[in-house]
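Hello,

Here is the structure I promised to pass on. My notes on it follow below.

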Amino acid sequence: MSGRDNPYGGSYGASAYGGQVTASANYGAAPAASSGGSYVTDTSTAGFTKDVIEESRRQPVLVDFWAPWCGPCKQLTPVLEKVVNEGQGRVKLVKMNIDDHPSIPGQLGIQSIPAVIAFVDGRPADGFMGAVPESQVRQFIDRIAGPAGVDQAAEIESVLGEAETMLAGGDIQGAAQLYGAVLQADPENAKAAAGMMQCLIATGDIPRASQVLASIPEDLAKDPAIQAVAKKLEQIEEARKLGDPVALEHDLALHPDNHEARMKLAKILNVEGRRDEAAEHLLMIMRKDRAFDDDGARRQLLQFFEVWGPKDPATISARRKLSSILFS
């Protein structure tokens with residue numbers, strides 16, 4: 001799956017410009033059209049590496065080598081476009097006019113057209129020549145991409161897992177591209193929508209993330225993944241009003257039992273991504289005064305857990321320490 005040619009470039013998907021993630025909310029937006037359809041583009045000698053080699057590392061790419069004077073090409077190309085677009089992203093079709101761009105087909109040894117070459121993982125994987133019937137085109141795509149409709153849910157989960165790993169590793173653009181690809185295949189996927197907002201938050205574009213959240217349909221907004229992002233945005237907005245963390249740390253050095261200052265510092269550290277430190281401050285309050293703010297430190301820590309997720313190392317570590325305090 002690929003985030004390129006993503007219809008949500010104008011909705012809550014993402015596209016990269018100058019190293020920034022951009023997104024806006026517009027449910028029900030029509031897919032963005034490219035040459036011949038959403039999954040069909042033209043390429044050139046200069047663009048071949050990006051459009052075919054790099055793209056084929058994300059999804060299979062069929063290259064249609066054709067020429068305006070070629071009668072069989074005029075028969076095959078509409079069939080290719082139809083089957084590829086019906087596949088909704090199983091493969092991408094890239095067309096190259098060999099009259100305008102003879103170098104690439106020459107290097108690949110293309111001697112007659114129409115010729116279709118499938119690229120997978122950056123390399124030619126299979127191909128055929130001639131104006132074959134639609135049934136054979138479908139068989140060819142099934143051979144390259146797997147039968148249609150087979151375990152799409154598993155594929156989406158795999159892509160979401162990869163996107164989550166990329167986001168955690170700091171590859172915001174890569175994660176946004178994968179989340180956008182999932183939204184292209186499944187517009188109501190809450191995890192992908194939440195992930196897209198997390199990408200915006202990671203770039204510091206809090207207003208845009210809030211706009212996206214506000215535009216999400218009511219039923220989708222109830223999903224735990226969306227709710228976690230909503231709480232994260234609330235925490236960010238709250239932390240902005242809590243003062244200077246340096247001043248709070250200085251005050252705590254002088255007055256270590258100032259639990260109110262420690263609570264504020266924990267909230268600020270949390271939105272800065274310093275989760276272990278944030279948790280430790282709350283745990284310290286609990287060790288000294290469980291009654292403070294009506295057990296507010298524990299309640300705040302549980303809110304952190306909701307946003308961090310149960311598998312986050314900070315959640316696992318802090319939950320273990322919390323248990324030792326509660327049950328010792």
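The buried residues of α2 are covered by, among others, strands β3 (40–42), β4 (61–66), β5 (92–97), β6 (115–120) and β7 (123–129), together with helix α4 (134–145). Those buried residues are C73, L76, T77, V79, L80, E81, V83, V84 and N85. Helix α2 covers residues 71–86, which is 16 residues. At 1.5 Å a residue, α2 should span 22 Å; its end C-alpha atoms lie 24 Å apart, which agrees. After α2 comes Q88, with a positive phi near 50°.

Please keep in mind that this is a predicted model.

**The chain overall**

The chain has 328 residues, and 46% of them are buried. Its secondary structure comes to 15 helices and seven strands. Take the contacts between residues at least 6 apart in sequence: 64% of them join residues at least 24 apart.

**The disulfide**

How many disulfides does a search of the whole structure find? One. C70 and C73 form it, with their sulfur atoms 2.4 Å apart. The link of C70 and C73 is right-handed, with 80° about the S-S bond.

Are these cysteines buried or exposed? C70 has 3% relative accessibility, under the 20% cut-off, so C70 counts as buried. C73 is at 2%, so C73 counts as buried too. C199 is another buried cysteine, with a relative accessible area of 0%.

**The largest pocket**

The largest pocket holds about 1200 Å³ of space. It is lined by 37 residues; the closest to its centre are E164, L167, Q198, V307 and W308. By class, the lining has 19 nonpolar, nine polar and nine charged residues.

Which helices each supply at least two residues of this lining? They are α5 (152–168), α6 (172–185), α7 (190–202), α10 (224–239), α12 (259–271) and α14 (296–308).

Q198 deserves a look of its own. Q198 sits in helix α7. With 18% relative accessibility, Q198 falls under the 20% cut-off and therefore counts as buried. Leaving aside neighbours within four places in sequence, Q198 is in contact with L167, V229 and K232. L167, like Q198, is among the residues closest to the pocket centre.

Helix α13 (residues 275–288) has 14 residues. From its first C-alpha to its last, α13 reaches 20 Å, close to the 20 Å expected at 1.5 Å a residue. Which residues of α13 are buried? They are A278, A279, H281, L282, L283, I285 and M286. What covers them includes α11 (245–254), α12, α14 and α15 (313–327).

On α14, go to F305. At 5% relative accessibility, F305 counts as buried. Not counting residues up to four places away in sequence, F305 touches T315, A318, R319 and L322. F305 and T315 are ten residues apart in sequence, and their C-alpha atoms are 5.7 Å apart in space.

**Where to start**

I would open the view at the C70 and C73 disulfide. End at F305 in α14.

Best wishes

Note on methods
Residues numbered from 1 in each chain as written. Predicted model: local features only at pLDDT ≥ 70, side-chain atom pairs only at ≥ 80, totals over all residues. Heavy atoms only, no water. 1 Å grid on protein atoms, 1.4 Å probe; cavity = no way out; pocket = protein on both sides within 12 Å on 5 of 7 lines; lining within 4 Å. Points joined across faces, edges and corners; volume = space filled by probe spheres on them. Helix = DSSP H or I, 4+ residues; strand = E, 2+ residues; numbered from the N terminus. Nonpolar A, V, L, I, M, F, W, Y, C, P; charged D, E, K, R; others polar. Disulfide = S-S within 2.5 Å. Buried < 20%, exposed > 50% of the residue type's maximum accessible area, 1.4 Å probe, protein only. Expected span 1.5 Å × (residues − 1). Contact = heavy atoms within 4.5 Å.
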